[in-house]
Amino acid sequence: MAGGFLYWNARKTAFVRRGRQGCNPCQNPSDDNTARRVRCDAVAHWHEPARFGRVCPLLVRTPHGWCCSVNARGVRPFWGRALAWWGGGLLATYLAGALLVFAVLAFFTGARVSWWQVAWPGRWSEIRQEQAGYLYDRAMRAFVQGSLNEAHLALASAAQRDPSNQAAAVLLGQITMFQGSFLHADALFEQLMRERESEANRIAITYHDTLLSLGRTDRLAQHCLAMATRDSAHAAVWVRSLLLALRNDSVTASELATAQRGQLAAIAPHARLLVQAEIELQAGNRQEGIALLRKPFSGPYNLIYMQLQVDRLAELGARADAQTLLDFYGPIMGSVPHAIAQFSLSRQMQDDLAARMLFRRVLSGPFDEKRVEQLAVALIKAPDPVLFAELSDKVLATPGLAAPLATTLWVTGLVCGDRTRADTWKEHDPEFPPASFPRVRQIEFASRDLQDPQSVVHLINVVTFPREVITALLTRVDRAAPSKRTLRLNVE
């Protein structure tokens, strides 16, 4: 029938264009040229002549057999009927094919696609995005389970199907670095930051966390110094990580200062003072470094730089100098940041009574999400199970605070050694079901193994924490882990 539409309509069209002169293409020439009496030659070899009525509606059945309902001059083509049947047939075939493709995608590949996305060409681009999303989720599951090769393969496929999937591209860079391909991973992150300028800072933060997780402090120092000049709105945060990197033996602070003299000159004067102190300390000039840190800065003031200066003096054992400096900065810092800084210093001085009084004073004041996060970070740096219990109870008693702070207080409880109270926080995060939390009895700060569920590296990659909480956790890893350590991953 499909061929008959083309063949007979073409011949009829030619007959009509000749002015209906000459041999009629489909009527028997030996019959009378009378309507309903002239037989149709077109159906002579059809097993079921009635079906030819779909090609030519002029066909009728008479006592004389299958005849044409018009005479020779009434013969004409029916292209509209042909197009309708062809279009219907092609549409039916297309829809059947779309249904088959949908079934394969939905039931065999697991991709979350709708039938309409498969059937409508205008939405075909969404299929690759859905496939990329499915592959990303699959990679995340493999990543959490420590199957880096499987995760890498899934992410590479996701990035190929949807180059705009930033989450997949960033995670691919992380896994590449965890697998030990440092140069390739560095190149991936640098490319992402260049190509996605609107998200460059967020990508830079992930790059920072991955470098810090693996203890790649040499590259971390270069990255943080570059970002301190590029991301001026958060320069102090980048300088904080830069100072942390400079305390590691794998970084030669003086060489970095010489090679990046221009970038160092571009950061704030207070930041340069802190960097210069680290250079002196790494060179073995302890007294010179402490002397630099001992001097109160004259401004302009930055809360993070003031806290870093006081904390570093205390870490070096110059606690009296740290206390003097903190007293000087106190009115500038504000009551709550000063109280939290004093809490940390009192804990280092082993004055637990004064520390708890300060903590409780902050705890009794105005209470919001930011305040809880500040107190949680203070407890991560200086754990105290008694104070954690009081903080936990007050948050639970304050309407609306439990849900957004669930993961923060869960990890803070683990750091403070209160696993029972920490586990109760698994029930308060509506977006992260209790079964999704890693099964952790205690946090192992000396481990940089991604596959160790108790390591900070594992936790920050499977649970969402605020930025300050991540920084506090990673800072403790840097202090607990050996200064020179080779990361060994058991990659199957």
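Author: The volume of the largest cavity is about 50 Å³, a volume being the space filled by probe spheres set on the grid points, which are joined across faces, edges and corners. A cavity is a set of points on a 1 Å grid over the protein atoms alone where a 1.4 Å probe fits but cannot get out, and its lining residues have an atom within 4 Å of a point. This is a predicted model, in which local features need pLDDT of at least 70 and side-chain atom pairs pLDDT 80 or more, while totals for chains, interfaces and linings use all residues. Residues are numbered from 1 along each chain as its sequence is written, and side-chain values use heavy atoms, without hydrogens and water.

Across the whole structure, three cavities of 30 Å³ or more are found. Around the largest cavity stand four cysteines, Cys 26, Cys 40, Cys 56 and Cys 68, together with Leu 58, Leu 59, Phe 52, Gln 27 and Lys 12.

Two backbone features deserve mention. Arg 36, although not a glycine, has a positive phi of about 70 degrees, and lies in the loop between α1 (2-17) and β1 (59-62). Helices (H or I, at least four residues) and strands (E, at least two) are DSSP runs numbered from the N terminus. Further along, Gly 299 is joined to Pro 300 by a cis peptide bond, with omega near 0 degrees, and Pro 300 is placed in the loop between α14 (286-294) and α15 (303-315).

Technical notes:
1 Å grid on protein atoms, 1.4 Å probe; cavity = no way out; pocket = protein on both sides within 12 Å on 5 of 7 lines; lining within 4 Å.
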